[in-house]
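Biologist: Can you walk me through this one? I'm new to reading folds.

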Amino acid sequence: MSVVTRIGLDNLAELGDFANSQPAIPERTISGRRQFRTIWISDVHLGTRGCNAEMLIDFLDHVDSDTLYLVGDIIDGWRLRKKFYWPVAHNDVVWRLLKRAKRSTRVVYIPGNHDEVFRQFAGLDFGGVEIRRQAIHTTADGRHLLVLHGDEFDAITLAHRWLAHVGDAAYNLLMALNRGLNAYRRFFNMPYWSLSKHAKAKVKKSVEFISNYEEVVAQAAAHRGVDGVVCGHIHTAEYRDIAGIKYYNDGDWVEGCTALVEHFDGRMELLHWADEIAAREGIGTLEIAMLAA
Ligand SMILES: [Mn+2]
């Protein structure tokens, strides 16, 4: 049994005694967090090497909301079954999500295809977390948004299943190449560069697939009579108007590191957390420069 496995099991046991446990990475900000009416995140893929847990922890420590939607593929049950991988940071993400529910944030968890084992609990509440198959969210300005993971449409977009099934062998290989490439780039002090993001943008078929997927989802939302739809699944953050239907995709925390937020006036925004960190650190530098002057 590897060290990672042993530590991982200890971590999970600690979550069982949640009330008395503390995260390994201490919470940085509790008061003074940026407040939103609603936050949507998905495709975290805890339990895989691809998961950018540290970035998500930074996000969770700097924001708060009345409602938090976990839009699926939060835990990657497919990968965990093949190989148990559960570092401390992944435990810390779960700890923060549960803590948030305890601290009066309404947390709605809509399992995806990678964490479909939780779908059997749809309709139940655990530790203040509402597990649902899908949800209708009403924005501050009275719009109705259908919230679902989005794998429901894989059958329709079957022609490009290789990309629809993110987490499959090809995607995982690409992710592994991406990590190797960036380790090399870091060594030579080159900035982070996303191989799969580049591939997605360049490969005509994937561009077609994404656009087709977005249209299929928007059409389904139109049939339901809602004003818009929030989903995840394809790891491509987006905000589009498709024939009068608002299509929002909150992206992922594997490489994009994005969240969808609703401000208190109903205005929606996609947050790119790597950019937010850069801006935050930039302001820090400016402040130091001003103090020095
Ligand atoms: Mn998915």
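Modeller: Start with a right-handed β-α-β unit: β1, helix α2 (residues 53–62) and β2. Right-handed means that, with the strands pointing away from the viewer, the path from the first strand over the helix to the second runs clockwise. Helices (H or I, at least four residues) and strands (E, at least two) are DSSP runs, numbered from the N terminus.

Biologist: What kind of model is it, and how are residues numbered?

Modeller: It is a predicted model: local features need pLDDT of at least 70, side-chain atom pairs count only at pLDDT 80 or more, and totals for chains, interfaces and linings use all residues. Residues are numbered from 1 along each chain as its sequence is written.

Biologist: Do β1 and β2 run parallel or antiparallel?

Modeller: Parallel, with 7 bridges joining β1 (residues 34–41) to β2. Gln35 stands opposite Asp64 in β2. Two strands pair if DSSP finds at least two bridges between them.

Biologist: What else does β1 join?

Modeller: Strand β11 (residues 258–262), antiparallel, through 3 bridges. There, Thr38 faces Glu262 in β11.

Biologist: And where does β2 go from there?

Modeller: β2 (residues 63–70) runs parallel to β3 (residues 106–109), with 4 bridges. Leu70 stands opposite Tyr109 in β3.

Biologist: New topic. Which residues touch the most others in the largest nonpolar core?

Modeller: Leu70, Val71, Val229, Val230 and Ala259, in a core of 55 residues. Helix α8 (residues 204–224) gives the most to this core, with 6 residues. A nonpolar core is a set of buried Ala, Val, Leu, Ile, Met, Phe, Trp, Tyr and Cys residues joined through C-beta atoms within 7 Å. Buried means 20 or more other C-beta atoms within 10 Å of a residue's own, with C-beta atoms placed from the backbone.

Biologist: What does Ala259 touch?

Modeller: Leaving out residues up to four places away in sequence, Ala259 touches Ile39, Trp40, Ile41, Phe59, Asp250, Leu271 and Trp273. Contact means C-beta atoms, placed from the backbone, within 7 Å.

Biologist: Last one: which strands form a hairpin?

Modeller: β6 and β7, with 5 residues between them. Gly142 in the turn has a positive phi of about 80°. Strands β6 (residues 135–138) and β7 (residues 144–147) run antiparallel, with 4 bridges. Thr138 stands opposite His144 in β7.

How values were computed. A residue is buried if 20 or more other C-beta atoms lie within 10 Å of its own, exposed if 12 or fewer, and partly exposed in between; C-beta atoms are placed from the backbone. Two residues are in contact if their C-beta atoms, placed from the backbone, lie within 7 Å.
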